[in-house]
Every structure is written in structure tokens, then in C-alpha cells.
Amino acid sequence: MAESPKDIDVDVCIYGATSGGVIAAVAARRENCSVLLVDPKRHVGGLTAGGLGETDIGRPMAVTGLARQFYRNVGKVYGAFEAWNFEPHVAEAEYMHELDQEHVQMLLERRVTSVERDARRIRTMIVEPSEAGDTAEPQRIHAKVYLDCTYEGDLMARAGVSYTVGREANSVYDETKNGVEPGLRHQFPDGVDPYIRPGDPSSGLIFGVKPEPLAPTGSGDKKVQAYCFRLCLTKDPANQIPFTKPEHYDPAVYELSRRLIHARPPKKLTDLLIVGSMPNQKTDINSLAGQSTDFYGFNWDYPEGTYADRARIWKEHEEYTKGLMWFLANDEAVPENIRKEVSSYGWPKDEYQDNGGFTHELYVREARRMVGEYVMIEQNCLGKRTVDDGIALASYNMDSHHVQTVIVDGMVKNEGEVTVHLSHEYPVSYRSLTPKSKECTNLLVPVCLSASHIAYGSIRMEPVFMSLGQAAGLAAGMAVKSNCKVQDVDVPALQKKIESDPYLDGRPADVYVHWSRQPDRFEKIGEWEVHGERAWASNEPFLLCEKPGSFARLRFRPKIERAGVYDVVFYNPVSNVVLQHGSVPIRIRHAEGEVTVNYDPAAHSALNDRTFSLGQFPFSPGKDAEIELIADGQTIPIQAMLFDLVARP
């Protein structure tokens, strides 16, 4: 490794090359700032490049700017308009391309040890090598503005900024879904015994069951929702590294899984795991059922642990996860058909090639959370409280995974799961990214932002982190140029930047026509039924025509404010509707005439084809534009049309 300078001076230092950190770096560079991106690991992209390929979106229309451009650029790899499901290496390659394009200076495999302050400003961040065997000396980074884009909030904590860990009691912010919550989903059925010898408390508890009594519902604690690894596996035999029995495999660790399987026999693998389908025969595996990839109760010391503590917890999670795959493929308690299916998978040779095909990113769902100028709470998510300084939209449901496995009425039960679907997207306050002015005036925190546990459960999605990163990167540039505190950034000017130039390349925001949101620009003819989409954890409604022989039309009339060539994109919702092959005419009236495009719904039912481009057409202000979908009895689900101005070279 080439020797790095001991002292580095930049306008903006970003600690954490997560998805939010990468986008923040790009945004700050486009504000003509010198930028240094620092990360303890050797890879960039965080969870988005670490196995979470089945994107937690909420409402696609809430994802804008550089975040949306990322998904469109990834889509090009797969021949789609945009891709929400993708392989890890594709995501990382796109992030690296964006950083290279902007000539972002990077300092990887370096972790923060301390900061030096001048009154309420960070003057210097000191970093040391994070990889064993790296003998390089610590380095001092001097910046005008710092961003903490880590999942852990380490820079924030070392800067002396207020934060919290765990769950607030409902009474703290007058919430209803914070604190202890005996969730109904991903739960054990009644009757599962918690003791090594069933019915004999003197034999001790089986592995994973906590001895403490369950606290009252809604009470607060310092416990953290479970972490896991999002597993990219492959079914391609030519690309597989087979599962092997871990060196420290202990069958007793999986006794909870055995008892769950006995109490509620699974019929297929997807009764035990969420198996998200990725391109090229790969997966994104997530936790499901009462006992799965989530390692309940073994991460509570992670948020404020030392680097050695975290390495130990990380290793414990890795050993548990690899052991779980071995258990599912080999233990006789698992039904034979499931063992056979699990054995058909392996670690992918072409992913994480420096880590044996195993992800380099632990899913730190929640660690520290800042207590800053404004705290986002449950009422913000539900639309009962709003802000006028919104700089990004969130739309995913309020979501918490279980926190622990305990004894309730003599039986094994999980605790902590919350799922509350939201009816609309909502704005995230700029002030939730800023520390209290009395604590620090040149730090922004777009990932471990100021939010209650349950509100953070909605905000903590990768597309939102990217949008918040873009806002923070722009705000950092504005603070540098104005030589002002981050709390004094001109927020209306920041909002105007985000709204008028979301892609930071001169293109305006996309033009949407949504049947329920712009009723003055939409006309419905014939019989259509309203259904609800929940596949992306939203309650987004869509229209469905499925009556044979019915005369049915939908007409979308966009308001075009800027002349140009636009991609016209059809939104095919995620639903359980069975689509039949057929030719659906879509008439497009544009600035230079009219054309009819034939659309086959069944040919575009894969997730990465849900947003399907009908082609590129010229549109101008003052010239009536109209898109007419002619269903006439064919099964067609529809949410919206999108008009995306094509970027000029």
C-alpha cells in the first residue's frame, strides 16, 4: 500500500462509504468541494452492495434524485429501465463508477479513533488502520464540514453529540409503537418449551432464550433489534462454493429451530426464510418465521462496543449464519425436501471474491441514533405531524425486527417486531440531520439521524439514506461556500436545489401522473377496481381492469413545463394478479404527433420490469400531451405514468 499523507485537508470529509456516504460524496463534489470519503472497510456501498439486493422501497415515486439514478444505472446492466433487484457486485461497481467520475478521494480501511474540537466545531478527525497487520501511522483529517454516514454513528459519538441507543418508552414522544412490543409476526406458536429438558427448569434454558421476565408493553430499554447477514446464494453449480460445516459448529445453537420445525412443520424453504430472487440464479436471503437468520439478542453491545467487541459480535453472527445453512442442509430435524433444496444452493464464486463468497456487510439495522435539533417520531410517519424543512421522502412501513427471545407463560416467544403500513410518503426534516447547535456546528448525520426507534424503522431504508446523503452533501457544500454553521444553511435554497435539479445534471424532476394523486390530470373510463400493493411494504393503491369484454380506458395528461425528449414509463404494480399474455394498445400523443405502442403485461411481470419504458418521445409546454391505455377487458394493473427527461450528452 502506498504511503498516505499524515495530514489531509479538504472541504468536506465523509466518514462511512455506505450508500448514503457515496451519494453524499458525489453531491458535495458537484458543489465544487474537495471531498475525502473514509471507511473502515475495503468496499463501498454498505448494505446495497452487501447483499440487500431486494430493495426495501416503500413507494417508488418517493425515491428521487441520485438515488433514483442509481437504480436506473443498475437497470441498464440488466436491460431494464431501472432495477430494484440486483447482484451485489453490480451495485458496488456502479458506486465505484460514480465515485471515479467525480474524482472523489478515498481513504479505505481506516477507522476513527478520536476527534479534536475548537469549541463547537470539529477541527480534526484522527483515523488509524482498521485491518490487522497494517502498520501505517494514524492520520489527521482537517475539514470544514464533516458527515457521519456510518451505520454506527462513530464520528458523531466521538464528537460529543447527543445520541440514544435502544427503544424509547412510548411516553417519551407520545407514541404507540415504541418500546417493548410482543409482536405477532415471525412468532413461535404456543407450546414451545424453553428448557433443555422439556418441562424441567433446573436443566437450564436452551440457547438463545433470555432469562429476564418480559417488561411491560411500551416500556423503554437499551436493547437493539436483531442484525443478520443478507445472503447472496446461487443455484448455478458452476458458480458455487459449497456450504461446509463451520469449525465451531454446535448443534445445540439450533435447538430453537428444531423445536419450531417440530411445532409448526414447514412445507417448503420459504416457510423458514425469505428467498428474494436476484438475477443470474442468485438470492437475497432475509429472516422469516420465529427463528431464522436474525440472531436475536446477541447484538445489544454492538452499538457502543469497542472495535474488538464489534469484531467478536460480527464473528459470532457469521458463525451462527454459516452454521444455520449447514443445519438446514443436513440436520435430520429439517424435512428432507427442504434439506435437498438448501443443498442446491452455495456461496457465489463471483461475489465477495476476497471473502470466500460471503458478504462483507453485517446488516446493522439500528445502532446509535442522534438526538439533534429535531426528532422524527411516529406522528411524522403517520402524517399527523409534518415539517416545512423536508429534504427527502420516506415511505416504508414502520418496521422493527424482534429484539429478543423470552419466556411468556412458560413458552418461548419473540419480542420486538412491529409492522405498521403507511398510507403516504412523508418528508424527513433537515433539522434531523443536524446536531444541536450548542453541541457541534460543522457535522451532518444523514444515516444515524435524529429519530425515535420506531420512526427510524421507517426511515432506515437504503434509498432514503441515499436521498438524505444527497441533501447532506449539498448542504455541506453550501455551508462551506457560506462559511456558516450547518444549522444556518439556507434550507429553502437547499430544497430548491433538490427540487429543481434532482439529478444534479440540469434535468428537471420526473413528471408523474398518478391516478389517485393527480385526479385533474387523469381520466378513468369503464370498470376498474381499486387494489392495494404491499410487496414493497406500502399500501400504494392501483387500478385493475379484469372484466372480460369491458370497455376500459385510462388517460394520463402530464403537465410538461420544459421541452425535451422524455422517456415515457408505464408502472406495472407489484401484485398477486395473474397477468395473461396479450397486446394492450397504449396511444401516445406528443409534441410532433401520435403513435400507438403495444404492451404485453405478462411479458413485463418480473420485478425489474415493473417500470417499463414505452419509448422516448418529444413533449413541449402548451402542446396537449396524453397517454391512453386501452384495456378493453384485459387484465391490466396500473398505478402511474412517468415522464423522465432524457439527459443530453
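Predicted model: local features only at pLDDT ≥ 70, side-chain atom pairs only at ≥ 80, totals over all residues.
1. H7 has buried residues along its sequence, from Arg310, Ile313 and His317 through Glu318, Tyr320 and Thr321 to Gly323, Leu324, Met325, Phe327, Leu328 and Ala329. The cover over these buried residues includes four other elements named here among several: helix H4 (154-158), helix H6 (255-263), helix H8 (336-343) and strand S11 (273-278). Strands S13 (347-348) and S14 (368-370) also take part in covering them.

2. Helix H2 (residues 65-77) and helix H11 (residues 462-482) have axes that come within 7 Å and cross at roughly 130°. H2 is therefore oblique to H11. On the H2 side the contact involves Gly65, Leu66, Ala67, Phe70 and Tyr71; on the H11 side it involves Glu462, Pro463, Met466, Ser467 and Gln470. By type, the residues of this contact are six nonpolar, three polar and one charged.

3. The disulfide count is zero. For cysteine 228, the closest cysteine sulfur is that of cysteine 232, and because the two sulfurs are 14 Å apart, they are too far for a bond. Cysteine 228 counts as buried, at 1% relative accessibility.

4. Cysteine 448 is buried, with a relative accessible area of 0%.

Note on methods
Residues numbered from 1 in each chain as written. Heavy atoms only, no water. Axes fitted to C-alpha atoms, helices over the stretch in contact; angles between N-to-C directions. Helix = DSSP H or I, 4+ residues; strand = E, 2+ residues; numbered from the N terminus. Parallel < 35°, antiparallel > 145°, perpendicular 65-115°, else oblique. Contact = heavy atoms within 4.5 Å. Nonpolar A, V, L, I, M, F, W, Y, C, P; charged D, E, K, R; others polar. Buried < 20%, exposed > 50% of the residue type's maximum accessible area, 1.4 Å probe, protein only. Disulfide = S-S within 2.5 Å.
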